[in-house]
Amino acid sequence: IAAFVVAATSVPCGVFAALHHAAPSALFVGLAFFCGLNALICFWELALAYRIRRIERDFRQLRERVAPTPRGRLSELAALFTARVAPVSQVVSLDLWCRIWSTYALYDPAYANHESFGFWIDVANGHATLVPSALWVVGTTVEVLPARALGLVSLVAFYQELYGTLIYFAQFVYHRRYRGKSGLEIALFVGLSNGIWIVGPLVGLYASVVLIYDGDFRLFHPPH
């Protein structure tokens with residue numbers, strides 16, 4: 001996971017520097033990181049969409065096995081992220097990433113229920129923003145689209161990400177999913193992990209508007 005995010009950030013930065021003979025701006029780096037991360041999560045969300053029956057089954061087994069305490073849930077998360085390195089054939093398979101969702105469902109059971117809003121908003125994000133995320137990284141690096149065209153496409157994508165995250169937080173609170181969870185768990189695994197999808201899209205919306213108004217990519221070049 002870390003290797004993918006690092007590569008998705010550093011490769012565009014390196015290409016940008018080689019093409020323009022200057023380091024990209026902090027805004028470019030930040031949005032390359034966010035869009036690379038979002039692309040990875042989109043792939044996971046495809047696993048959520050097409051492996052939901054398995055996720056529901058795995059979650060039922062986890063709920064029976066894992067103690068309903070902060071320590072029990074944290075131990076399961078630690079086991080998830082310290083698992084052995086998987087071969088490439090498994091990494092690119094949707095089956096491997098089912099465990100992400102069945103484990104996260106210990107915090108929000110909506111992700112083990114194909115009738116829930118949480119399920120459908122993430123499935124929608126996985127299908128709708130994978131291509132725009134990749135297009136943003138490529139388009140701001142090698143400028144394959146006019147700035148205004150890229151800005152218009154990205155404006156819609158970043159808005160959808162922001163809107164979906166805000167509605168997700170609202171339903172999480174409304175359904176009192178926080179009950180029985182510690183403050184640390186909520187802050188780290190709900191607040192921080194989802195909060196990235198508030199800050200990132202807000203910055204992306206700003207950058208998209210500037211591209212539309214300026215009609216060029218100078219926003220991503222450091223000031224002289």
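A residue counts as buried here when its relative accessible area is under 20%. Tyr168 comes in at 2%, so it is buried. Keep in mind that we're looking at a predicted model.

Let's start with helix H8, which runs over residues 130–142. Its 13 residues reach 19 Å from the first C-alpha to the last, close to the 18 Å expected at 1.5 Å a residue. Quite a few side chains are tucked away here: Pro132, Ser133, Trp136, Val137, Gly139, Thr140 and Thr141 are the buried residues of H8. What do they pack against? Their partners are helices H1 (2–20), H2 (26–50), H7 (117–128), H9 (147–174) and H10 (183–214). Just after H8 ends, Glu143 takes a positive phi of about 55 degrees.

Across the whole structure, a search finds 14 aromatic pairs. Take Tyr159 and Tyr163: their ring centres are 6.1 Å apart and their planes sit at 20 degrees, so the pair is stacked. Both tyrosines belong to helix H9, 4 residues apart, or about one turn of the helix. Tyr163 is partly exposed, with a relative accessible area of 45%.

Now for Tyr168 again, which forms an aromatic pair with Phe169. This one is tilted, at 6.2 Å centre to centre and 50 degrees between the planes. How exposed are the two partners? Tyr168 is buried at 2% relative accessible area, while Phe169 is partly exposed at 21%.

Key
Residues are numbered from 1 along each chain as its sequence is written. This is a predicted model: local features need pLDDT of at least 70, side-chain atom pairs count only at pLDDT 80 or more; totals for chains, interfaces and linings use all residues. Side-chain values use heavy atoms; hydrogens and water are left out. Helices (H or I, at least four residues) and strands (E, at least two) are DSSP runs, numbered from the N terminus. The expected span of a helix is 1.5 Å times one less than its number of residues. Buried means under 20% relative accessible area, exposed over 50%, partly exposed in between (1.4 Å probe, protein chains only). Contact means heavy atoms within 4.5 Å. Rings of Phe, Tyr and Trp (its six-membered ring) pair if their centres lie within 6.5 Å; planes under 30 degrees apart count as stacked, over 60 as edge-to-face and the rest as tilted.
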